[in-house]
Amino acid sequence: MDTSIWRPILYLIGFMAFAGLNAAYLGWCERKGAARIQRRTGPMEVGFQGLLQPLADGLKLMSKQLLVPDGVDGILYRAAPILAMIPALTSMAVIPFAGNVQARAVELSVLLLFALASIGMMAVLLGGWASGNKYSLIAAARSVSQNLAYEIPMLVTVITIVMLTGSMNLEDIVLHQQGGFWNWNIFPLVNHSIAQAIIMPVSFIIFFICSVAETNRAPFDMAEAESELIAGHMTEYGSMGFGLFMMGEYLNMVVGACLITILFLGGWDCPFGLFPGVWWFLIKIYILLFTVIWIRWTYPRTQIYKLLNLSWKILIPFSLANLLMTAAFIKIF
Amino acid sequence: MTVPIQCRHDETFVLNLGPQHPATHGVLRVKLTMDGEYIVKAEPVLGYIHRMHEKMAEDGNFAQFMPNTARMDYLHALAYNHGYCLAVERAAGIEVPERAEYIRVITVEMNRLTSHILWWAAFLLDLGGFSPLLYAFDDREHLLDLLERVTGSRLTYCYFRFGGVYNDIDDEFITGTHAFIKRLRSRMPRLYHDLVTGNIILQKRLKGIGLLTEEQCRRFGCTGPVARGSGINYDVRKNEPYSVYPELDFDVPVYTEGDSMARYMVRMDEMEQSMRIIEQALDKLPDGPIKAKVPKILKPAAGDYWASVETARGDLGMRLVCDGGKNPYRLKLRSPTFCNLSSFAEVAEGMILADALAYMGSLDLVIPEIDR
């Protein structure tokens, strides 16, 4: 691999731009998508179809005073929003967008991604704890129990993929699925047995639910359930602190979508085996992101104990059974 | 989910819910003693929007209190109009022309529809579903346009007069109402029931949660959909008929489960019944005057009068005491939401916060009506 100094710099600029644009414009997409679902028009004033709205919002947030209320833990209160952004941004470095379009090829990139995802949870925890607000504290407690519950089935599902592929490198996992949708992990008809083809869609559904829950998106947005906890861990935040939390949420969504694409949908592979490339990767992640937005604006919010029951009583047993069966099939066939 | 609470009281904390909180729909404040996410004790604190309406009634003459009635239960204002008119008409012995009675029933039921639709929207908002709000407001908008056409206002109606109504309804209103009912009937199964009622998350959050027993209902004096969701077949329109309700054919939906889902279903079924009432009343609408001849300044004979009507939230009682003067001597309101809310402290005990808020939503609170 080319080890010139320009490669990291180029990628840093590229990924920062990608991350920044996504963080800003997914908000716009969400507002427009919600508006479409609810038969409204959404933002229309700033620029054509409200396209400059994210810039206007950003300017507004930046021009506001960063208010630190009395009685908060000053350092943690300021650190939390930054911590919401950093893991998501760092994760981008190991994601292969296409063959060789990757900032760093890390052998254990799957492990790194999940380690970073767990740090992301700390932002909510610290924000909720440091705010000195009871609602924020409840949100923090909810967020921790939710993330703990959903990381287990998520990781177990990933282990099945790693077992199938024999590698913890995201690029290898994608290369393993090349050559049309019949080779993808979501529905592997060719490379594997029929039994495997039945198991994998279940894994996909488990993983999708978990990643929605991990990114605190509706219907699992327990941490910011506005009708119960006002704004959850973000209640005491204003100005760009709030903005960073929001951007962090969207970036986490992007990382989650990238991960699903890589693990199940064949990464940059074309569904028909033609012209593989970065555009397929982007199309897939935006379809996934749209689905997440669609779900959010359709379903009511679930309940914290129902959410935990879903994970502990349904998803974890199912994912463990999946793991066991996959192991058995690998051994037998 | 109710669990027996075994907490040490030095480990609880007080959560101040409201007066400004997204779930309290107004300025209700609830002091919650919490053990983690479980409520140990709930204490509603009222009075943040107390405006002395009952005292205001004593300071003006009978007609001057009329606009105030719309400002208590602002979501079913016409029922308050109706209750007050009934009380004064009983006191002064005024006969209301039949056409006026029919118009009253039509507009009150339309207002009940707007109230239930708005409750549905706000309830889903409590449960975290935002989109139904927009769909519901679309339907409500049509109703408000129709009501605006005949009453002149959209929310705080002052439409009824002693001995009749202020304005006659026209053909466009009648055709518009028929068209609206057709539209809502086609939208109800698809948008309201398929998308929301049948949703598994909604079902899981409402079924078996917020149990209010029949005994509790009777003890707290709960009425309206709250009582009918607990198996009490009590509807003022049937039990103490007033106006032309006895001439109209409608059912009183009663569910015996007593959970939030039962209260939800009662209101959903009531919307259909309201549409039936409106259709029948429009068909039977007689010709004639819309207002009886009533003196400008009323001086009812001294006495104690009672009128009660079924609002969207339950039994509204108006006790009117007259001393023969031009002002009411005393007007006492028995507002349904006050009694319904009083059950909250007992039912919410041991519930998790989000379930308690869903229970509160299923009571359909209108805070200005509690405080008056």
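S7(B) and S8(B) pair in the antiparallel sense over five bridges, where two strands count as paired if DSSP finds at least two bridges between them. Helices (H or I, at least four residues) and strands (E, at least two) are DSSP runs numbered from the N terminus. The structure is a predicted model, in which local features need pLDDT of at least 70, side-chain atom pairs count only at pLDDT 80 or more, and totals for chains, interfaces and linings use all residues. Residues are numbered from 1 along each chain as its sequence is written, while chains are lettered from A and ligands numbered from 1 in the order in which they are written.

The three strands make up an open antiparallel sheet of chain B in the order S6-S7-S8. Strands S6 (303-311) and S8 (330-334) of chain B each have a single partner strand and stand at the edges, so one side of each is left without a neighbour in the sheet. From one strand to the next, the twist averages 15 degrees; axes are lines fitted to C-alpha atoms, for helices over the stretch in contact, and angles run from 0 to 180 degrees between N-to-C directions.

Helix H3 of chain B (residues 77-92) lies across S6 and S7 of chain B and runs at about 155 degrees to S6(B). Contact between two residues requires their C-beta atoms, placed from the backbone, to lie within 7 Å.
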